[in-house]
Amino acid sequence: MAGTRKKMGHFTLLAVLLASMLAGCSKNNETPSASGSSSAAPTKAVATESASATSSASEPAIDTSKEVNLKGYLIGEAPKGLPEVVTELNSRLKQDINATLEIDYVGYSDMSTKYPLILTNSGGTDWIYSANWLNYVQHASKGAFMELTEEMIKKYMPTYYESIDKEAFKAASVNGKLYMVPAPARSPSIPVAVIRGDLRKKYGIAEIKRLSDLAPYFEAIKKNEPDMIPAALSSNASDLTMMYSLMADQGQAPIQLINGYGLAYFMEDPTAKLMAFDEEPLKSKLLQAAGTMKEWYDAGYINRNYFSNKVNSLDAFDQGKSSIGFANTISVRRYLDTGKEKGYDIELIPLVDGEGKTMAPEWTSGGISIPAGAKNPERTLMAMDRIISHQDYNYLVYFGIEGKNYVLNSEGKLELPPGVTSKTNTYPPDAAGFWFTDLRQFPAYASWSDQYIQLLKDIQDHMLYDGPLTGMNFNFESLKAEVAALTTVRTQYLLPLTMGSVKDVNEALNTFMEKAKVAGFQKIRDEAQKQIDAYVQTKSSK
Amino acid sequence: MDELKTLYDIRKHKVLYMMFLPIAIYFLVFSYFPMAGIIIAFKDYNYAGGIWGSAWSGWDNFAYFFKSGKAWLVTRNTIGYNVVFLACYTFFSVAVAIFIAEMRSKWFKKTAQSFMLLPYFVSWVIVAAFVYNLFNYEFGVVNTVIGWFGGEPIDIYGSPRYWYFLLPIFYVWKWVGFGSILYLAAIMGIDQECYEAAVIDGATVFKKIYYITIPLLMPTMIILVLLGLGRVLRGEFDMFYQLIGNNSMLMDATDIVDTLVFRSLVGTPDFGLASAAGFYQSVLCFVIILAVNGAVKLYNKEYSLF
């Protein structure tokens with residue numbers, strides 16, 4: 001009995017194996033014939049269309065006969081209205097390039113773990129949002145992304161290619177190779193603080209132009225608004241940079257930090273010579289700013305337990321619990337809307353240096369990369385060309401469906417359709433994670449205050465400054481251990497100093513520098529300076 | 001000869017072995033095969049090479065852990081907290097199980113058990129949110145109540161001494177419901193005749209507990225404690241990370257291996273460095289469990305795990 005059963009077992013196994021092999025074969029045989037039969041019509045249609053779109057007759061038609069589904073990842077959460085937008089997007093893409101898009105999200109909370117995981121298993125992923133703040137350089141230098149050439153972009157993304165400053169490709173390259181389709185317009189995104197103008201006027205405080213003027217405003221709030229904390233900060237990154245803004249405030253010496261490792265250079269120094277936090281003239285600036293933070297912290301203007309608070313200052317501001325919120329010029333838009341509905345008179349303080357300048361955002365602050373080994377890079381690039389640079393696509397993915405999520409009023413400004421509020425809008429602008437489309441095509445919003453429109457204008461006119469290292473990407477791959485060790489030292493010793501929650505500012509700075517040196521500060525400094533010198537050299541020789 | 005015997009045994013009890021097969025496959029796939037991935041700890045990982053193709057890097061991946069100057073501190077903290085947790089958890093679970101077993105009112109028994117089990121299903125993220133609302137300096141419930149009585153507010157998030165007690169309390173609060181079920185099951189398995197005989201001899205409730213229930217629970221307790229010790233270097237990451245986070249004032253008192261590793265690597269995604277820490281924990285756990293098991297074996301062979 002047992003013997004026969006064993007044999008039968010072998011037979012079944014064989015049968016299964018055979019069946020699967022045959023299936024494999026037949027699939028391979030079938031594919032070309034199937035696509036062959038359905039190819040003729042769509043190819044032609046697309047060919048003529050792309051020819052007319054680019055008006056370059058010499059380009060050979062791109063073969064789009066096989067329908068493909070392009071799976072990719074964005075950062076954040078899917079807004080409620082996404083399925084509708086995707087349906088509409090796919091019907092257009094299907095017609096134009098015979099492809100559909102499948103969008104998944106990497107949530108903020110598991111970003112640091114899930115994002116690298118997606119890159120290891122690129123089997124099914126065709127595209128992914130990448131950015132310097134998502135460790136674009138590190139991932140690229142480890143071979144996570146497919147190399148893109150300028151020819152590829154020129155061929156498959158003609159509209160995009162025409163609209164972008166070619167400098168961007170150089171800036172987004174790692175070791176001389178491009179792994180990202182950077183957003184074509186550098187965003188006017190600079191850090192801003194928002195305060196409550198209505199409360200400021202109520203307590204008779206003079207207009208506030210810079211962060212260091214905030215003390216009387218904070219004092220008035222503390223005294224008169226028992227349900228508010230003047231600055232309810234959180235462990236969120238944007239809330240932890242207040243001291244650096246106070247440092248930049250101090251005048252003609254804007255500084256730029258190297259990843260918060262206790263190193264900085266002056267933005268207008270063309271050689272970008274690094275300075276440690278305990279070297280003059282940096283030290284006195286830092287101590288003064290940290291001193292202000294400590295005064296505010298001790299006076300109770302800043303909440304004590306910021307490190308355990310998970311509600312960021314901008315949300316607390318929106319809920320009326322904080323009198324200041326930290327944001328950037330883009331992320332603040334949603335809050336301008338909701339603030340207006342709540343009757344706040346929101347005033348903006350651009351976080352610029354004493355001369356009114358700030359570092360221009362990097363080209364790599366947002367873009368699309370293709371994981372190594374992805375199967376349809378051509379079609380992905382074609383789809384992205386449309387999404388990024390064709391206005392109808394761009395509006396669709398960024399603002400949603402016209403008439404349902406937005407309307408353009410008689411002045412051409414963007415408005416919510418009647419009956420829709422910012423709370424009930426199923427597809428709020430910017431919320432879907434398409435942070436790489438061409439911003440220059442966007443209309444102004446009807447809800448923007450004159451101050452905000454003026455600010456956007458000022459930014460473009462005179463606030464952005466291209467520092468000596470714009471476009472440079474540091475690579476600390478060989479110093480992983482030092483970077484990791486320094487990261488924990490920063491969290492434990494530098495962070496409380498910058499937030500004012502230390503007993504003595506001088507002493508805290510010394511402790512931090514001491515611990516940092518043990519963790520490998522000098523090695524990182526040498527390596528950083530070496531890379532900076534090399535970069536400055538090549539830049540000046542160009 | 002032995003092999004033949006095994007083969008014969010398999011043939012004879014093949015139905016039993018078949019029943020065992022799924023669970024064997026489960027452990028092979030999810031626990032034994034992934035062990036090979038441990039070599040990442042000794043490699044300079046890159047995406048093109050994957051696990052097998054990347055270059056070897058010797059002990060480099062371990063360096064950051066010791067460079068931080070906190071390796072000893074976090075190891076000590078991890079073991080310290082886990083031992084305290086394990087002791088509290090075992091004590092309270094056994095106590096609760098005994099109380100529940102001795103209760104007469106069925107309705108009260110069930111209700112009490114349900115309420116104790118409830119925290120087991122609440123995630124630390126949510127616990128952290130209400131702990132923050134309880135203890136934060138400005139608007140926390142605790143400080144508001146202190147304010148009503150005219151007292152000075154206390155800065156709980158700024159003083160490590162509170163957390164030496166709070167952390168075990170939260171741990172027990174979360175796990176005691178689950179633990180008591182395990183011990184309750186063991187109590188239910190005790191032969192009722194022992195108790196009947198004791199009652200005839202005039203034993204009180206406390207004497208029954210002391211002379212019958214606790215001695216008979218001993219083997220269960222020892223096995224569970226041994227299993228717990230096997231995880232003694234795996235800190236309760238969720239709890240520490242959510243409740244305390246990057247709070248620098250508490251850091252020296254509450255930093256455990258897992259939080260240190262997370263903090264170091266959150267900005268530098270590197271599989272090699274992370275696996276190195278995992279490897280360090282596993283090896284220490286392995287040594288500890290062998291040592292403790294050996295000690296138990298010396299005391300009473302029956303109680304040891306293997």
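Which residues line the largest cavity?

Author: A word first on the source: this is a predicted model. The lining of the largest cavity is made up of B:Phe240, B:Ile244, B:Gly245, B:Asn247, B:Met251, B:Thr254, B:Asp255, B:Thr259 and B:Arg263. Two elements of chain B each give two or more residues to this lining. They are helix H13 (251–254) and helix H14 (257–265). By class, the lining holds three nonpolar, four polar and two charged residues. The charged class takes in Asp and Arg, and B:Asp255 and B:Arg263 are both in the lining. The space inside is about 50 Å³.

How is such a space found? Rolling a probe the size of a water molecule over the atoms shows where empty space is left. With a cut-off of 30 Å³ or more, the count is two cavities.

Now the other one. The second largest cavity holds about 30 Å³ of space. Its lining consists of B:Phe62, B:Tyr64, B:Phe65, B:Phe66, B:Ala276, B:Ala277 and B:Tyr280. Here the elements giving two or more residues are helix H4 (63–67) and helix H15 (271–299) of chain B. The class count is seven nonpolar, no polar and no charged residues.

Next, the contact with chain A. It takes 41 residues from chain B and 40 residues from chain A. The area buried between the two chains is about 3400 Å². Carbon and sulfur atoms give 57% of that area. Two salt bridges cross this interface. One pair in a salt bridge is B:Asp155 with A:Arg304, where the closest N and O atoms are 3.8 Å apart. Polar contacts between chain B and chain A come to five residue pairs, both residues being at pLDDT 80 or more.

Which parts of chain B supply this side? H4, helix H7 (124–135), helix H12 (237–243), H13, H14 and H15 each supply at least two residues. H14(B) gives the largest share, four residues. By class, the side of chain B that touches chain A has 21 nonpolar, eleven polar and nine charged residues.

Step back to the whole structure. Over all chains there are 25 salt bridges. One of them joins A:Glu279 and A:Arg525, with the closest N and O atoms 3.1 Å apart. A:Glu279 sits in the loop between strand E10 (275–276) and helix H11 (282–298) of chain A, and A:Arg525 in helix H19 (residues 521–541) of chain A, so the pair ties together parts 246 residues apart in sequence.

The peptide bond from A:Glu280 to A:Pro281 is cis, with omega near 5°.

One more backbone detail in chain A. A:Asn135 is not a glycine, yet its phi is positive, about 60°. A:Asn135 is placed in the loop between strand E3 (127–130) and helix H4 (136–141) of chain A.

Key. Residues are numbered from 1 along each chain as its sequence is written. Chains are lettered from A and ligands numbered from 1 in the order in which they are written. This is a predicted model: local features need pLDDT of at least 70, side-chain atom pairs count only at pLDDT 80 or more; totals for chains, interfaces and linings use all residues. Side-chain values use heavy atoms; hydrogens and water are left out. On a 1 Å grid over the protein atoms alone, a cavity is a set of points where a 1.4 Å probe fits but cannot get out, and a pocket is an open set with protein on both sides within 12 Å along at least five of seven lines; lining residues have an atom within 4 Å of a point. Grid points are joined across faces, edges and corners, and a volume is the space filled by probe spheres set on the points. Contact means heavy atoms within 4.5 Å. Buried area is the accessible area (1.4 Å probe) that two parts lose on being put together, summed over both. A salt bridge is a side-chain nitrogen of Lys or Arg within 4 Å of a carboxyl oxygen of Asp or Glu. A polar contact is a pair of N or O atoms within 3.5 Å; within protein, one must be able to donate a hydrogen and the other to accept it, and residues adjacent in sequence count only if both atoms are side-chain atoms.
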